[in-house]
Each structure stands twice: as C-alpha cells, then as structure tokens.
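Visitor: Could you show me how to read helix packing, burial and backbone angles in a model like this one?
Guide: Gladly; let us look first and then talk.

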Amino acid sequence: MNVNGKRHEGKCVFITGAGQGIGRAAAIRLAEEGANIIANDLSEEVLTDLKADVSARGVSCETVCGSVAEFATLDQAFEIASTRFGQLDGLVNNAGFGGYMKRFDQVEPEEFETIIDINLRPVWYGMKLAYNAMEGRGGSIVNVSSMAGIRPNRNHSPYGMTKAAVISLTQHAAMDYAPANIRVNALCPGPVETPIFDQMRDYLDEEGVQRARNLVRSRTVMNRFGLPAEQAAAIAFLLS
C-alpha cells in the first residue's frame, strides 16, 4: 500500500455494470483508493452521475454506454484503456441479469440464450481482452459470480447455470494467466441489497416479493442482506 493509503493510485480499472449496486460501489471505493475508472452501463444518465461522483475523488472517469452482450462495447472500453490511460491494471466483470424465475422445464430457449449473452459470454470475452492488455506488466481480474453458482435456488436455473460457469471460467483463466502475473478471482456474494432484486417484481406480486426476501434473509448467517459497499471492499482487496 502507498504511504498515503491509496493502494490503487495511478491504476486503471474497467468495471462493467458500474451504474448501480455492486458495480457503482466498487467504482467509488476504487476511486477513493486512487484508481482511474472506465465505467460501463446501459444508462447514460446513471453513468453521468457516476462520473461526477468518481471525478470528485480526484481521479479520472471515462464512460462506455452500451450492453456487454455486444462485444463492441467491451472493445471500446479496452481501447480507452490503451489510448487514454496507456494501461489496464484491473477488470471487474460485474454486469449481470437476474434472469427468469421459472421452473426448469418452463424456461424458453430464447430466455436461455439471453442470459448467456449477458452473464457469461461477456465475462469470457472481457478476460480474453484483459490478457492482451495486461500481459507484460501483470494485473488482476475479479468476476462477480454468486452463491447461486455454488448451490441451486428454486426456479432460478438459468441464472445459477451462468454463475457456475463464471466460477469455472475464473478457475481456468487463473491457471492460464498466472505465468503472466495476472490474477483471476471470483466473488460469490450471497443476497445483496441491489436493484437486481427489483426484478422479482416482474414475476411476483408485492406480497410474494416480501415473502421471497424474508426467506432469503432467513437463510443467511447474519439474518440480513449484504451491502454493495461490503462487496466493493472485497473487490478492492482482490484487485490490490
């Protein structure tokens, strides 16, 4: 750690899904520790707000608006890392979609493909690009997976499947990238108080949402949802 306590000072970190939840908290935490941020999200409005908050920490913030399902979005971010900052030190593959709350046999083929396009393919592609950007100087990658990738949740098979695949991709990349001094880790949060839980309202009425939340909370050791800032602290450590 630097003497001023800013262990990420001068680094460049690219974060997908940075506009809210864990991604936003990670961007703010890393900015406070001195990192320049490249932030991606679907919403130009939330990116504008985030850029102001990050810049207020005395670092630079570039934004890339677009879906990670489009590889051109990721290409643009890595090009910014090269041309604007001259380096990439960290990648946080955070963007994700909660998916469809349906029984296994009721999931449609197009729904299956959609969640792979958002939760899985961009993680693979981002790590592939990161190797080229970090080779020769090292770096760190954090993939945000989920406890759902370790144990099943009822009526949530497509999401759990993609998060389990992210864990496997992480393990394989960690082995392949280690000789280049590039570390790859996966963060597997339990329930976290983020907007992704609002997606339950697409499938449940308000009573059902509260019942589901209470059930999820009761299964945690501390009987509460985690906070985005807590996940951001872990991300900052893994990138350090």
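This is a predicted model: local features need pLDDT of at least 70, side-chain atom pairs count only at pLDDT 80 or more; totals for chains, interfaces and linings use all residues.

Visitor: At what angle do H5 and H6 pack?
Guide: Helices (H or I, at least four residues) and strands (E, at least two) are DSSP runs numbered from the N terminus; axes are lines fitted to C-alpha atoms, for helices over the stretch in contact, and angles run from 0 to 180 degrees between N-to-C directions. Here helix H5 (residues 121-134) packs against helix H6 (residues 157-177) at about 15 degrees, with the axes 11 Å apart. Angles under 35 degrees count as roughly parallel, over 145 as roughly antiparallel, 65 to 115 as roughly perpendicular and the rest as oblique, and H5 and H6 are therefore roughly parallel to each other.

Visitor: Is the crossing of H5 and H6 left-handed or right-handed?
Guide: A crossing is left-handed if the near helix is turned anticlockwise from the far one by less than a right angle, and right-handed if clockwise; H5 passes H6 in a right-handed crossing. With contact meaning heavy atoms within 4.5 Å, Val123, Trp124, Met127, Lys128 and Tyr131 of H5 meet Val166, Leu169, Thr170, Ala173 and Tyr177 of H6. Sorted by class, this contact has 8 nonpolar, 1 polar and 1 charged residues, where Ala, Val, Leu, Ile, Met, Phe, Trp, Tyr, Cys and Pro count as nonpolar, Asp, Glu, Lys and Arg as charged, and the others, Gly among them, as polar.

Visitor: How far apart are the axes of H3 and H5?
Guide: Helix H3 (residues 71-85) and H5 have axes 10 Å apart and pack at about 25 degrees, which makes H3 roughly parallel to H5. Their crossing is right-handed, and the contact joins Phe71, Leu74, Asp75 and Phe78 of H3 to a set in H5 that includes Arg121, Trp124, Tyr125 and Leu129. The residues of this contact divide into 9 nonpolar, 1 polar and 2 charged.

Visitor: Which residues of H4 and H6 make their contact?
Guide: Helix H4 (residues 109-119) packs with H6 at an angle of about 35 degrees, the axes being 10 Å apart, and H4 passes H6 in a right-handed crossing. Phe112, Ile115, Ile116 and Asn119 of H4 form the contact with Pro158, Tyr159, Met161, Thr162, Lys163 and Val166 of H6, giving 7 nonpolar, 2 polar and 1 charged residues.

Visitor: Turning to burial, is Thr16 buried or exposed?
Guide: Buried means under 20% relative accessible area, exposed over 50%, and partly exposed in between (1.4 Å probe, protein chains only). Thr16, in the loop between strand E1 (12-15) and helix H1 (21-32), is buried because its relative accessible area is 3%. Beyond its neighbours within four places in sequence, Thr16 is in contact with residues including Asn40, Val68 and Leu74.

Visitor: Which backbone atom does the Thr16 side chain reach?
Guide: A polar contact is a pair of N or O atoms within 3.5 Å; within protein, one must be able to donate a hydrogen and the other to accept it, and residues adjacent in sequence count only if both atoms are side-chain atoms. The Thr16 side chain reaches the backbone nitrogen of Ala95 at 2.9 Å. Ser140, in strand E5, is buried at 1% relative accessible area, and a polar atom of the Ser140 side chain lies 3.0 Å from the backbone oxygen of Leu238.

Visitor: What is the phi of Asn155?
Guide: Most residues other than glycine have a negative phi. Asn155, in the loop between E5 and H6, has a positive phi near 60 degrees and counts as partly exposed at 33% relative accessibility. Asn181 also has a positive phi, about 60 degrees, although it is not a glycine; Asn181 sits in the loop between H6 and strand E6 (182-187) and counts as exposed at 54% relative accessibility.

Notes. Residues are numbered from 1 along each chain as its sequence is written. Side-chain values use heavy atoms; hydrogens and water are left out.
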